[in-house]
Amino acid sequence: MKKTWIPEIHGHEGRKALAEAVIVLLDCWHLDEKDKLTLLGLSDSSVLAGYRQGAPLADDPDLLERVGHLLAIDRALRKAYPAAPEFYAQWIKIRNESLEHKSPMEVIRRQGIEGLRKVRCHIEKVGG
């Protein structure tokens with residue numbers, strides 16, 4: 001199994017904290033269930049419901065990478081737009097010239113994990 005650079009996330013409590021953080025973020029973005037599943041690379045909404053009820057994230061490298069990107073996007077948005085929380089809550093749905101006039105969510109839907117990496121790279125450049 002590919003290990004991440006943060007060994008604590010492979011522990012139960014670390015993955016539980018990550019699940020809570022990503023659920024809060026996805027709720028903040030006001031996404032529908034299908035988009036939440038897409039961002040996490042999941043196909044079963046019962047897994048998402050389990051995370052919402054306090055289950056830890058699965059110790060799966062793909063899922064942990066996705067969650068890492070999502071939390072990094074959130075951090076970069078907060079840094080780039082500190083005085084506009086209402087904007088960064090909608091940012092994922094807003095078309096962006098730098099993303100070929102597509103919203104970040106559209107890019108991720110079409111390109112999967114590569115789209116998630118692209119969106120992260122874009123907002124980190126904006127946020128400095």
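Colleague: How many aromatic pairs does a search of the whole structure find, and what makes the rings of Tyr81 and Phe87 edge-to-face?

Modeller: The search finds one aromatic pair. Rings of Phe, Tyr and Trp (its six-membered ring) pair if their centres lie within 6.5 Å, with planes under 30 degrees apart counted as stacked, over 60 as edge-to-face and the rest as tilted. The ring centres of Tyr81 and Phe87 are 4.7 Å apart and their planes stand at 70 degrees, so the pair is edge-to-face. This is a predicted model, in which local features need pLDDT of at least 70 and side-chain atom pairs count only at pLDDT 80 or more, while totals for chains, interfaces and linings use all residues. Residues are numbered from 1 along each chain as its sequence is written, and side-chain values use heavy atoms, with hydrogens and water left out.

Colleague: Why is Tyr81 called partly exposed?

Modeller: Buried means under 20% relative accessible area and exposed over 50%, with partly exposed in between (1.4 Å probe, protein chains only). Tyr81 has a relative accessible area of 24%, so it is partly exposed, and Phe87, at 29%, therefore counts as partly exposed too.

Colleague: Which residues touch the most other members of the largest nonpolar core?

Modeller: A nonpolar core is a set of buried Ala, Val, Leu, Ile, Met, Phe, Trp, Tyr and Cys residues joined through side-chain atoms within 4.5 Å. Of its 31 residues, those touching the most other members are Trp29, Leu39, Leu40, Leu57, Leu70, Ile73 and Ile92. Helix 4 gives the most to this core, with seven residues; helices here are DSSP runs (H or I, at least four residues), as strands are (E, at least two), numbered from the N terminus.
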